[in-house]
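Here is a short tour of one protein chain. Keep the sequence and the 3D view side by side as you read.

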Amino acid sequence: MAHWLYKSEPFKWSWDQQVAAGAAGTHWDGVRNHLAKQQLLAMKLGDRGFFYHSNEGKEIVGIVEVIKEAYPDPSDPSGKFVMVDLKAIEPLKNPVSLAAIKTEPRLAEMALMRFSRLSVQPVTDREWDIVLEMAGHKA
């Protein structure tokens, strides 16, 4: 299973809204970056990801799961971009802030540090375990 990080501005789409979508989940649309598109295309059913509140909060707040692999994003008039469907799995016991991630030397190479503007990012297995540890979850 691969791991990912999905960034969303809470005023546009929050963790609470993702949770409210229930088991049916919702689509992750609006991605207009070619590298992020490649990440979406690489996602498989059952892959898990961190839900990150960007701009406001700047913290990882929950875990989501891919429930539908990449398909055309109808909000893209060019027809070049795709989206996936995600459902909420669980909130983190303790949200992990960007500030905390920046002070953790084991996460210095995390995509969130190197590609801060990318809305969909890969997370290595090791990074996944470290963030879960920081959040008070068992890896």
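## The model and its annotation

This is a predicted model, in which local features need pLDDT of at least 70 and side-chain atom pairs count only at pLDDT 80 or more, while totals for chains, interfaces and linings use all residues. Residues are numbered from 1 along each chain as its sequence is written, and side-chain values use heavy atoms, with hydrogens and water left out.

An unreviewed UniProt entry lists residues 2–134 as "domain: EVE". UniProt positions are given in the numbering used here, feature names are shortened, and annotations may be inferred rather than shown by experiment. The span 2–134 is 26% helix and 37% strand. Its end C-alpha atoms lie 20 Å apart. Helices (H or I, at least four residues) and strands (E, at least two) are DSSP runs, numbered from the N terminus.

## Two pockets

How is a pocket found? The search uses a 1 Å grid over the protein atoms alone, with a 1.4 Å probe. A pocket is an open set of points with protein on both sides within 12 Å along at least five of seven lines. Lining residues have an atom within 4 Å of a point. Grid points are joined across faces, edges and corners, and a volume is the space filled by probe spheres set on the points.

The largest pocket holds about 430 Å³ of space. It has 13 lining residues, and Lys7, Glu9, Ser54, Asn55 and Arg117 are the closest to its centre. Its lining divides into three nonpolar, five polar and five charged residues. Here Ala, Val, Leu, Ile, Met, Phe, Trp, Tyr, Cys and Pro count as nonpolar, Asp, Glu, Lys and Arg as charged, and the others, Gly among them, as polar.

The second largest pocket holds about 270 Å³. Its lining has 15 residues, and Lys7, Trp28, Asp29, Gly30 and Val31 lie nearest its centre. β2 gives the most, with three residues. The lining of the second largest pocket counts five nonpolar, six polar and four charged residues.

Is Trp4 buried or exposed? Trp4 is buried, because its relative accessibility is 5%. Buried means under 20% relative accessible area, exposed over 50%, and partly exposed in between (1.4 Å probe, protein chains only). Trp4 sits in strand β1 (residues 3–8). Leaving out residues up to four places away in sequence, Trp4 touches residues including Met43, Phe50, Pro122 and Trp128. Contact means heavy atoms within 4.5 Å. Met43 is 39 residues from Trp4 along the chain, yet their C-alpha atoms are separated by 8.5 Å.

Ser54 belongs to the loop between β3 (48–53) and β4 (59–72). At 9% relative accessibility, Ser54 is buried too. Not counting residues up to four places away in sequence, its contacts are Lys7, Ser8, Glu9 and Pro10.

## Ring pairs

Rings of Phe, Tyr and Trp (its six-membered ring) pair if their centres lie within 6.5 Å; planes under 30 degrees apart count as stacked, over 60 as edge-to-face and the rest as tilted. The count comes to four aromatic pairs. Tyr6 and Trp28 form an edge-to-face pair, because their planes meet at 65 degrees, with centres 5.4 Å apart. Tyr6 lies in β1 and Trp28 in β2, so the pair ties together parts 22 residues apart in sequence. Tyr6 is buried at 0% relative accessibility, and Trp28 is buried at 8%.

Phe50 and Trp128 have ring centres 4.0 Å apart and planes at 20 degrees, so this pair is stacked. The pair links strand β3 with helix α5, across 78 residues. Phe50 is buried at 0%, and Trp128 is buried at 8%. Ring pairs also join Tyr6, Trp15, Trp28 and Phe51 into a cluster.

Helix α5 covers residues 125–135, and its buried residues are Glu127, Trp128, Ile130, Val131, Leu132 and Ala135. Their cover includes β1, β3, β4, β5 (82–97) and β6 (120–123). Gly136 follows α5, with a positive phi near 85 degrees.

The loop between β3 and β4 contains Asn55 and Lys58. Asn55 is not a glycine, but its phi is positive, near 65 degrees. Lys58 is not a glycine either, and its phi is about 50 degrees. Lys58 is partly exposed, at 40% relative accessible area.
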